[in-house]
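The sequence and the structure are shown first.

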Amino acid sequence: MENYWNSAISFDEYIQIANERLENPANQNEIEYKPYYELGLQRMNRTLKKLVIDEEQVNELKSKNFDGKILIISEAWCGDASATVPALVKFFEGHNEVKIFLRDSDSSLIEQFLTNGTQSIPKVIILDKEFKVKNSWGPRPKFGHDLLLKYKADPENYTKDMFYNDLQIYYSRNRGKDAIQEILELL
């Protein structure tokens with residue numbers, strides 16, 4: 001894990017890369033994902049502007065005496081990532097170091113943390129001081145996962161568009177609080 005950590009990037013670099021890919025796509029994939037980068041950046045900026053860190057959660061983090069690191073496998077074009085990654089980074093700021101590993105740059109890490117056989121992101125890897133995996137979380141909070149299950153159970157009456165709409169409303173109101181809480185419980 002230490003090698004993955006050492007090749008991971010900061011949140012600022014993550015945003016910079018997303019902006020570069022939006023403004024100057026380097027390949028066909030980046031051209032096709034351009035609208036998703038744009039939307040992801042808008043959502044991340046909105047989250048950062050409206051995010052209020054919950055002091056009870058900060059106190060819970062302090063009470064855990066967690067002295068490890070947080071490694072997030074992500075990509076800025078991902079809707080779930082754009083809703084949760086900024087909140088997680090800001091929450092742990094000043095407490096624990098957080099880095100981001102770009103999933104599409106090297107699939108060998110995400111292959112170790114599949115969700116039902118898929119490379120779903122974001123995936124949060126909780127590491128101890130020796131870079132051993134303590135736990136992992138992702139790709140979305142329980143409420144978002146429940147919405148997905150609702151869609152999969154009855155896609156004719158609860159359509160994909162309805163699912164995405166409800167998920168984004170949830171994310172915009174929750175601002176990462178549930179994701180933070182679920183991760184705190186894993187520390």
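Four strands form an open sheet in the order 2-1-3-4, with mixed pairing. Strands (E, at least two residues) and helices (H or I, at least four) are DSSP runs numbered from the N terminus, and two strands pair if DSSP finds at least two bridges between them. The edge strands, each pairing on one side only, are strand 2 (98–102) and strand 4 (133–137). On average, neighbouring strands of this sheet are turned by 20 degrees against each other, direction ignored.

The model is predicted: local features need pLDDT of at least 70 and side-chain atom pairs count only at pLDDT 80 or more, while totals for chains, interfaces and linings use all residues. Residues are numbered from 1 along each chain as its sequence is written, and side-chain values use heavy atoms, with hydrogens and water left out.

**Strand pairs and the helices on the sheet**

Strand 1 (residues 69–74) pairs with strand 2 in the parallel sense over five bridges. Helix 6 (residues 79–92) packs on the sheet and touches strand 1, strand 2, strand 3 (123–127) and strand 4; contact means heavy atoms within 4.5 Å. The direction of helix 6 makes about 165 degrees with that of strand 1. Strand 3 and strand 4 run antiparallel and are joined by four bridges. Ile125 stands opposite Ser136 in strand 4.

**A pair of helices**

The axes of helix 8 (residues 142–153) and helix 9 (residues 160–174) come within 10 Å and cross at roughly 170 degrees. Axes are lines fitted to C-alpha atoms, for helices over the stretch in contact, and angles run from 0 to 180 degrees between N-to-C directions. Helix 8 is therefore roughly antiparallel to helix 9, a term for angles over 145 degrees. Among the residues making the contact are Phe143 and Leu147 of helix 8 and Phe163 and Tyr170 of helix 9.

**Pockets**

On a 1 Å grid over the protein atoms alone, a pocket is an open set of points where a 1.4 Å probe fits, with protein on both sides within 12 Å along at least five of seven lines; lining residues have an atom within 4 Å of a point. A volume is the space filled by probe spheres set on the points.

| Pocket | Volume |
|---|---|
| Largest pocket | about 710 Å³ |
| Second largest pocket | about 150 Å³ |

Of the 28 residues that line the largest pocket, Cys78, Asp80, Arg140, Phe163 and Tyr164 lie nearest its centre. In the second largest pocket, helix 6 gives the largest share of the lining, three residues.

Conventions. Angles under 35 degrees count as roughly parallel, over 145 as roughly antiparallel, 65 to 115 as roughly perpendicular and the rest as oblique.
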